[in-house]
Amino acid sequence: ILKDYVNGFVKESDMVLKSTTIKLKVPEDSPNSILVKNLYLSCDPYMRNRMSKLVDSYVDSFTPGYPISGYGVAKVVDSTHPNLNKGDLVWGITGWEEYSLIKSPETFFKIQHTDVPLSYYAGILGMAGTTAYFGFYEVCSPKNGETVFVSAASGAVGQLVGQFAKLLGCYVVGSAGSKEKVDLLKNKFGFDDAFNYKEEPDLNVALKRLFPDGIDIYFENVGGKMLNAVLLNMKLHGRIAVCGMISQYNLEQPEGVHNLFYLVSKRIRMEGFLVFDYYHNYPKFLEAVLPVIKEGKITYIEDIAEGLESAPAALIGLFSGRNVGKQLVVVAHE
Ligand code: NDP
């Protein structure tokens with residue numbers, strides 16, 4: 001439960017755990033509803049934005065005093081919905097609680113393929129995977145042989161973008177915040193190179209070293225200083241897919257972006273996107289990504305915290321880089 005709107009850096013104590021007793025049944029006056037047992041919850045950076053009092057945003061603020069919500073994998077335990085039945089497995093936006101009553105489950109996806117770990121639907125086969133897939137293939141317009149830079153590269157989205165780019169035959173470099181993560185990028189995810197942005201005194205110099213001829217595609221996850229340095233290193237007609245800017249989410253005053261005139265002089269296309277504009281193409285995504293997972297062509301790393309009580313720490317860990325790979329919370333086993 002969110003105690004109150006958050007200003008500045010989110011803390012574990014901004015959330016509190018409470019117990020209550022509920023009937024495991026959809027109330028009679030709730031048609032088209034499902035009651036779900038939550039299995040996996042996904043920790044996502046955008047959830048920090050929802051903890052602030054938002055105006056003019058693409059998402060609503062969480063309501064202080066109530067459980068927060070986010071993507072998760074759940075099992076239907078009771079239903080008054082015509083297409084969702086008891087026992088169905090689903091993924092979509094659910095409460096950070098053991099059981100949730102979902103009054104309009106239209107945005108939920110029914111899980112049809114259970115020959116992969118269920119947790120994947122809170123990550124690689126859920127929001128993070130679709131973000132990486134559509135963000136890279138549709139927003140970046142990538143071509144074989146191009147140079148690609150990914151920030152927050154070892155995280156949920158970044159690790160997948162880098163591997164999609166490698167499958168296409170690109171030269172791929174990632175940045176991350178620790179030696180362990182840099183090793184993962186190079187040795188596990190198959191990036192051509194990687195660097196620890198916290199240890200580079202000058203990000204512009206680091207990027208010049210790794211991309212002597214410049215960057216064709218930047219997959220932007222962090223914003224701030226990194227974006228400023230990337231703009232200095234883009235190639236003519238480069239593309240920047242603005243997926244997120246995690247370095248800014250806890251700041252009361254966002255840092256300024258400099259060097260924007262390079263968009264003009266180098267004819268760069270910089271485009272923001274939101275994953276939910278692509279969900280209608282989810283079947284196409286599954287058709288493309290399930291086989292590469294099953295063939296072992298993609299490596300996917302999850303960081304799974306145990307129990308709802310560990311969820312606040314797991315969520316805020318995203319902002320200090322505590323997570324290694326996709327951060328999830330397992331609430332219950334099926
Ligand atoms: P990650 O799994 O990558 O976790 C966040 C990571 O960000 C941390 O592990 C940390 O890694 C890095 N980080 C945290 N603070 C900073 C900072 N100040 N500067 C640089 N890096 C930082 O998260 P996701 O893969 O889920 O999300 C990545 C980005 O994608 C976010 O910006 C998110 O908002 C965005 N997103 C956008 C979507 C869309 O529809 N547009 C959908 C989903 C995600 P490290 O140790 O390397 O610093």
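**A chat about a predicted chain**

Tutor: Let's start with one residue. Phe 285 lies in helix H8, which covers residues 282-294. Keep in mind that this is a predicted model.

Student: OK. Is Phe 285 buried or exposed?

Tutor: Buried. Its relative accessibility is 0%, and the cut-off for buried is under 20%.

Student: Which residues is Phe 285 in contact with, leaving aside its neighbours within four places in sequence?

Tutor: Ile 124, Leu 125, Gly 129, Thr 130, Tyr 133, Phe 134 and Leu 290.

Student: Take Tyr 133. How many residues apart in sequence are Phe 285 and Tyr 133?

Tutor: They are 152 residues apart in sequence. In space, their C-alpha atoms are 7.4 Å apart.

Student: New topic. Where is Lys 326?

Tutor: In strand S13, residues 326-330.

Student: Why does Lys 326 count as buried?

Tutor: Because its relative accessibility is 1%, and buried means under 20%.

Student: What lies 3.2 Å from a polar atom of the Lys 326 side chain?

Tutor: The backbone oxygen of Cys 43. Cys 43 is also on the contact list of Lys 326, beyond neighbours within four places in sequence. That list includes Ser 42, Asp 44, Tyr 300 and Glu 302 too.

Student: How many positive and negative side chains does the chain have?

Tutor: It has 33 positive and 37 negative ones. The centres of the two sets lie 2 Å apart.

Student: Now a loop. Where is Asn 233?

Tutor: Asn 233 sits in the loop between helix H6 (224-231) and strand S10 (234-242).

Student: Buried or exposed?

Tutor: Asn 233 counts as buried, at 5% relative accessibility. Leaving aside neighbours within four places, Asn 233 is in contact with Asn 204, Leu 207, Lys 208, Gly 214 and Ile 215.

Student: Zoom out. How many helices and strands are there?

Tutor: The chain has nine helices and 13 strands. Its radius of gyration is 20 Å, close to the 20 Å that the globule rule gives for 334 residues, so the chain is as compact as a globular protein of that length.

Student: What box do the C-alpha atoms fill?

Tutor: Roughly 65 × 45 × 35 Å, along the principal axes.

Student: And what percentage of the residues count as buried?

Tutor: Of the 334 residues, 55%. The accessible surface of the chain is about 15300 Å², and 51% of that belongs to carbon and sulfur atoms.

Technical notes:
Residues numbered from 1 in each chain as written. Predicted model: local features only at pLDDT ≥ 70, side-chain atom pairs only at ≥ 80, totals over all residues. Heavy atoms only, no water. Helix = DSSP H or I, 4+ residues; strand = E, 2+ residues; numbered from the N terminus. Rg over C-alpha atoms; globule rule 2.2 N^0.38 Å. Buried < 20%, exposed > 50% of the residue type's maximum accessible area, 1.4 Å probe, protein only. Areas by Shrake-Rupley, 256 points an atom, 1.4 Å probe, with all protein chains shown as cover. Lys, Arg positive; Asp, Glu negative; His and termini not counted. Charge placed at Lys NZ, Arg CZ, Asp CG, Glu CD. Polar contact = N/O pair within 3.5 Å; in protein donor to acceptor, adjacent residues only side chain to side chain. Contact = heavy atoms within 4.5 Å.
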